[in-house]
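Trainee: I would like to go through this model chain by chain. Could you take my questions in turn?

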Amino acid sequence: MADPMRVRAQENGGVVDVKVLMKHDMETGQRKDASGKVIPAHHITTLTATCKGKQVFEAQFGPAVSKDPFLNFKFKGGAKGDTVSITWVDNKNDKRTDEAKIS
Amino acid sequence: MKTIMKSALLVSLSAMAGLALAQSATDDIAKYREMIADGNPSELYEAAGEDIWQKPMGPKNATLQKCDLGKGPGVVKGAAAELPRYFKDTNKVQDLESRIITCMEKLQGYDPKEIISAGFEKGKRKDVEAVVAYVVTHSKGMKINVPNKHPKEKEMFAMGEKAFYFQGGPMDFSCASCHGEDGKRIRLQDLPNITTQKGAALGFGYWPAYRVSSGNFWTMQRRLNDCYRQQRFPEPIYISDVTIALSVYMGVKANGGEMNTPGLKR
Amino acid sequence: MKKLHLLVSAALVVVATSAVAQSKFEKDHAASFNAKGIAGMDRLDRDDTQKFCSDPVALGGKGDAKKREAIEKANMATIKLPSDGKYFGDWKEGEKIAQSGRGATWTDKADTVIGGGCYNCHQINKKEISHGNIGPSLWNYGKIRGNSVDVVQYTWGKIYNAKAYNACSNMPRIGHFKLLNEDQMRHVMALLLDPESPVNK
Amino acid sequence: MNLKRREALRLTAIIGLMAATGLISQAEAAEWNKVAFDAKSLDDVLKSLGGSSADKSSAITINAPDIAENGAVVPVGVTSTLPKTQQMAILVEKNPSALAAQFLLSADSEAFVASRVKMGQTSNVHALVKADGKWYVTTKEVKVTLGGCGG
C-alpha cells in the first residue's frame, strides 16, 4: 500500500490554500539500474481534490514531476472545519486518499 | 598614462564583474532554497517514524515508547539536540542512530548486527531512518547542547578532532580539506567551516536532511558516509567509533547554535 | 645536492618507522572502516606528506619548517616532465576533464575514468558559473602569465604534484597518484595556456 | 461489496452520460492525457490539449528560480490574471517529453498552482494557460547548475 501523504489546508479571506506532499518515487522510465536494465516508469498520473463532495481541483502528472511530489493550489468556498480530500492514482493503478481539516 | 589608468580600471572592473557574477549566482541559489523550503519531504519520513515509534514490533512485540534517548524513557523532545552522549547502560557514547538501535535491540528484540550490515534504506535500517526523522523534528528550534564532560565523551571528542584532520587516500583529502576555512565552496555549494562554532552549527544544525539530488532522507550517519566516499576513503562502518566521534566533535563545536532539523539540502 | 639527498632519506626513514608503529588512534580509526569496491584499506596508510598535513598546525602553514621543506623537495622529486616533451593537447578535451569530478570512489569501478575535478575548486572558463573557490581563479591563466618555458614547466609540475610547491596544498597530486595520465594532463594544460582556449579570451 | 460495485458502475455511467450531454465540463471527466505527456514540443503539447496557437501573455507569471541548485527539484509556480482561467500546464522545453504537469481548474479554483519538476538541463520553462477557451503562454529560462563534488 502506498505511504500516506501530508495535506495542509488553510483558509484566509475566503480562499483555502492547500499544500500536499506525496510519497512517490516518480520514476521517469529513463533511468537504468546497476545491471543496465531500464527502470520502468512509475509515476502518479492524476490527482483530484474534493471539498464537501465537490471536485475543486484536478492535476495530471507526467514522469517529470519531482520525486515525493509537492503541490500547492487554492480554491474558494471552503470554510474552517471543512474537510479537503486528496486522491492520487498512479500508472500502476495504485491509489491513495488522505484528508485534512481546513484550519 | 591615461591609457594605463584606463586599462587598470578595466581590469579591476572586470574582476569586480567576475565577483558580482559569482555573488549573484549564490544569491540565486539562496532564492531557490527559499522556494523549496516550504514543503520539506522530510515530513513524510517523520510521519512514518512516528508510526514506527508507537507500533508494537519485533520478536518482543514492543513499541519504542520507553526508549531512553538520554532525557529519560520516552522523552523525544529535545533529545537530538543533546546527542551524541554517554549512556551508562551501554557504557558507550552513542549518537541518535546507535541509540535507536540499542532500543530496538533491548525493547523489541531486533539483532543490531543485521541493522548495521543492512545498508542505507534497506531492511530494518529504513525504520531507524524514519525514527531519526521523527526524533530530530522534535528538536527543531532548540539549542544544540552536546555534552563533553564524561571522560568517554572527551575521548570521543579528541578522536573526532583527529579524524577530522586525518588526511589520506589518492586525493590527499581530509574533512578539513573542504571544511577548514571560511567562505569556501565546492561548485556552488557553501562549505561550512566546521572548526568554528558558526560553521559547525551550520553542519550539525541542518543534518539530518531531505536531500533533493537523491530524493531521500539522509541521516547524519549517511551524510558522513558520503563525505568519506567523496574523500575516496574506504567505507566507514555504520555507527562505528569514527562516525560517532565526528558527530561529537561537530556537535560540541556547534553548541549554542540552533537545531533546524530536518533540513532540506541539495 | 648531497645534503638534499640526505635530508630526503632521513625523511623516508621517519616514514618507515612510523608506518610500523601504528598509534592507538590509527588503530581505532582503521577499525571503523571496511574496504569497499575499489576503495581498499590501504587508502588509510598515509605517506609522509599526508601524515605531516594531518596536523592542523602544519595544514595551516606553520609548524616544523624543515620538515615542510623536506616534504616539498621529496614531492618535487616525483615530478616527471612529459615523456615526449609535448605539453599541450586539446583545450576542448581539457574542459571536459576539468568539469568531471568523478572516479576513484567506492561506487566507481576500476576502469571509471577519473575526472580532474578542477571546477569543484577553481573558476576556469567564466562561462561556467558553477565553480568552487577552494583554489584560486584560473580565468585568463595563460593571458596573464604568458607561456614561457618557466610558466609551462611550473604549471605542469603544479598539476603533477602540487605538494612540491606547498606541502599542505589542498590540491590532489594529480600526476603523482595517476589520477590523470599524461595525455589528460596535456589537455588540461591546453585549457589553461592555449591562446585559443576560452580561458584566455 | 457487490452493492458498492454496482453503485460505482452506476455512477460511472451517469458521469459518462453527463459528460456526453455536456452537463459537466470535459475537464472533470478527463482521462490522463497520454498523447500530451508524450509530446516533444510546445506546439505538439498545445495541439494535444486541443489548442492551435497560444498568444504570449503578460497576465501569466511563472514563479521559478533563475538558477536551480539541482535539476531534480525545480519549483515552478504559475499565476494567471486572465479572466476565466480553466487550465494550466507546465512545460520544460528540453526535457525528453515537454509536458511536466497540467492542472484542470474548477469554477472555485484560484488561477494559481505551484509544484516541482525535474529538469535535465538548463531550459526554457513554459506556462500554458487556457482562459475563456483560448490558449496563452509565457516563458522563463531556468539555469540548472552542476553541483557537488561529482560534477
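**Chains A, B and D in a predicted model**

Mentor: Chain A has an accessible surface of about 4,800 Å² (Shrake-Rupley method, 1.4 Å probe; for residues, only the protein chains shown count as cover), and carbon and sulfur atoms hold 46% of that surface. This is a predicted model, in which local features need pLDDT of at least 70 and side-chain atom pairs count only at pLDDT 80 or more, while totals for chains, interfaces and linings use all residues. Residues are numbered from 1 along each chain as its sequence is written, chains are lettered from A and ligands numbered from 1 in the order in which they are written, and side-chain values use heavy atoms, with hydrogens and water left out.

Trainee: How many helices and strands does the secondary structure of chain A come to?

Mentor: Helices (H or I, at least four residues) and strands (E, at least two) are DSSP runs, numbered from the N terminus. From that terminus the elements of chain A read β-β-β-β-β-β-β. The count is therefore 0 helices and 7 strands.

Trainee: What percentage of the residues of chain A count as buried?

Mentor: Buried means under 20% relative accessible area, exposed over 50%, and partly exposed in between (1.4 Å probe, protein chains only). The C-alpha trace of chain A spans about 55 × 20 × 20 Å along its principal axes. Of its 103 residues, the buried share is 50%.

Trainee: Which feature does UniProt place at residues 6-100 of chain A?

Mentor: In the model, this span is 0% helix and 54% strand, and its end C-alpha atoms lie 8 Å apart. UniProt positions are given in the numbering used here, feature names are shortened, and annotations may be inferred rather than shown by experiment. The unreviewed UniProt entry gives the feature as "domain: Sulphur oxidation protein SoxZ".

Trainee: What is the strand order in the open sheet of 6 strands?

Mentor: Two strands pair if DSSP finds at least two bridges between them. In this sheet the pairing is antiparallel, and the strands come from chains A and D. The order is β1(A)-β2(A)-β5(A)-β7(D)-β4(D)-β2(D).

Trainee: Which strands stand at the edges of that sheet?

Mentor: An edge strand here has a single partner, so one of its sides is left without a neighbour in the sheet. From one strand to the next, the twist averages 15°. The edges are β1 (6-12) of chain A and β2 (60-63) of chain D.

Trainee: Which helix packs on this sheet?

Mentor: The contacts (heavy atoms within 4.5 Å) are with β1 and β2 of chain A. Those two strands run antiparallel and are joined by 7 bridges, and Gln10(A) has Asp17(A) in β2(A) as its bridge partner. Axes are lines fitted to C-alpha atoms, for helices over the stretch in contact, and angles run from 0 to 180 degrees between N-to-C directions. The helix makes about 115° with the direction of β1(A), and it is α2 (residues 42-54) of chain B.

Trainee: Is Asp28(B) buried or exposed?

Mentor: Asp28(B) is found in helix α1 (residues 2-37) of chain B. Beyond its neighbours within four places in sequence, it is in contact with Asp66(D) and Ile67(D). Its relative accessible area is 12%, so Asp28(B) is buried.

Trainee: Where in chain B does pLDDT stay under 50?

Mentor: pLDDT is the predictor's confidence in each residue, from 0 to 100. Chain B has a mean pLDDT of 92, and 91% of its residues reach 70 or more. Where pLDDT is low, the predicted coordinates should not be read in detail. The stretch under 50, with 2 contacts beyond four places in sequence, is residues 1-18.

Trainee: Which are the edge strands of the open sheet of 3 strands in chain B?

Mentor: The order in this sheet is β6-β5-β8, with mixed pairing. Strand β5 (residues 209-211) pairs with β6(B) in the antiparallel sense over 3 bridges, and Arg211(B) has Asn216(B) as its bridge partner. Each edge strand pairs on one side only: β6 (216-218) and β8 (263-265) of chain B.

Trainee: What relative accessibility does Ser41(D) have?

Mentor: Ser41(D) lies in the loop between α2 (34-38) and α3 (42-48) of chain D. Its C-alpha atom is separated by 20 Å from that of Ile60(D), 19 residues apart along the chain. Ser41(D) counts as partly exposed, and its relative accessibility is 28%.
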